[in-house]
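Open the model in your viewer and keep the sequence panel beside it.

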Amino acid sequence: MTGRDRMVLIAVVVVAVLAAAWIMVVSPERQQASQLSTQVAAAQAQLTSAEGKVSSARAAQSQYAAAYASVVSLGKAVPPSQEVPALIDQLSQASNEKNVAFTSITNSSSAPAGTSAGASSAAAAGFTALPFSIGFEGSYFDLERILGQLTDFATLTSSGDLQVSGRLLTVQSVKLAPGSSSSEPAKNGGKLTGSITATAYVLPASQGLTGATGAPSPAGAGASPAASTAAGSSPTSPAIVKVNP
């Protein structure tokens, strides 16, 4: 065998060894590295998705108190039950603020004769109507102010925000007459009796304030609607209160 043949043989052996090393060592490692790269990309996508969910959860958490307070306000305007004692309490407080005597409140199962646009909208929304006849006694201007107070319990601002300070009421009619306890003419500052026909509303029996019950009340969000009902169960009643079943 010549020297040239030995060189060729050695070169063939080296190439064979390198090929075997590539097949047995390098190629599996490259395949494993490719698989690991795919897994890393999938893990990175999951991490990005999880971070997005955490960000959304934190944003929702920061808005929870305000959202809960809105639910409480809506429950105050249109509660899930009749809550007549709470309504009486609101009327008593409003009459005290306006220097008006709250004399009576009666309700009936029959709908009021007059139907306002607000009452029609509420009926279309499926709310249960509770017609009331509410009696007050005071001067003309005091009765005018108490009427404004009743209609301002729940108002919609020009920007579309709902402001709730009490029960949603729509007024159908207002009747004024000389006060029974006053001998002075009304024009000279005598008392007038005012009979206001208004309608309150209750959520449908199949619809609650929230989709789930027992939601925790966040700090500073106010009492829950159920707590408001309990708080209104013992109101300060006016001199004469008539509530028909």
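A residue counts as buried under 20% relative accessible area and as exposed over 50%. The model is predicted.

**Stop 1: the loop between α1 and α2**

Select Glu83, which lies in the loop between α1 and α2 (84–97). Is Glu83 buried or exposed? Its relative accessibility is 15%, so Glu83 counts as buried. Now check the backbone: phi of Glu83 is near 50°, a positive value in a residue other than glycine. Most residues other than glycine have a negative phi.

**Stop 2: the loop between α2 and β1**

Go on to Asn99, found in the loop between α2 and β1 (101–107). Asn99 also has a positive phi, near 60°, and is likewise not a glycine. With a relative accessibility of 58%, Asn99 counts as exposed.

**Stop 3: α2 against α4**

Select α2 together with helix α4, residues 140–151. At what angle do the axes of α2 and α4 cross? They come within 10 Å and cross at roughly 140°. The crossing of α2 and α4 is right-handed.

**Stop 4: a patch on the surface**

Select Met7, Ile10, Val14 and Leu18, and show the surface: these residues make a nonpolar patch of about 410 Å².

Technical notes:
Residues numbered from 1 in each chain as written. Predicted model: local features only at pLDDT ≥ 70, side-chain atom pairs only at ≥ 80, totals over all residues. Heavy atoms only, no water. Patch = residues over 30% accessible without salt bridge, like charges linked within 9 Å, V, L, I, M, F, W, Y side chains within 5 Å. Areas by Shrake-Rupley, 256 points an atom, 1.4 Å probe, with all protein chains shown as cover. Salt bridge = Lys/Arg side-chain N within 4 Å of Asp/Glu carboxyl O. Helix = DSSP H or I, 4+ residues; strand = E, 2+ residues; numbered from the N terminus. Buried < 20%, exposed > 50% of the residue type's maximum accessible area, 1.4 Å probe, protein only. Axes fitted to C-alpha atoms, helices over the stretch in contact; angles between N-to-C directions. Left-handed = near helix turned anticlockwise from the far one by under 90°.
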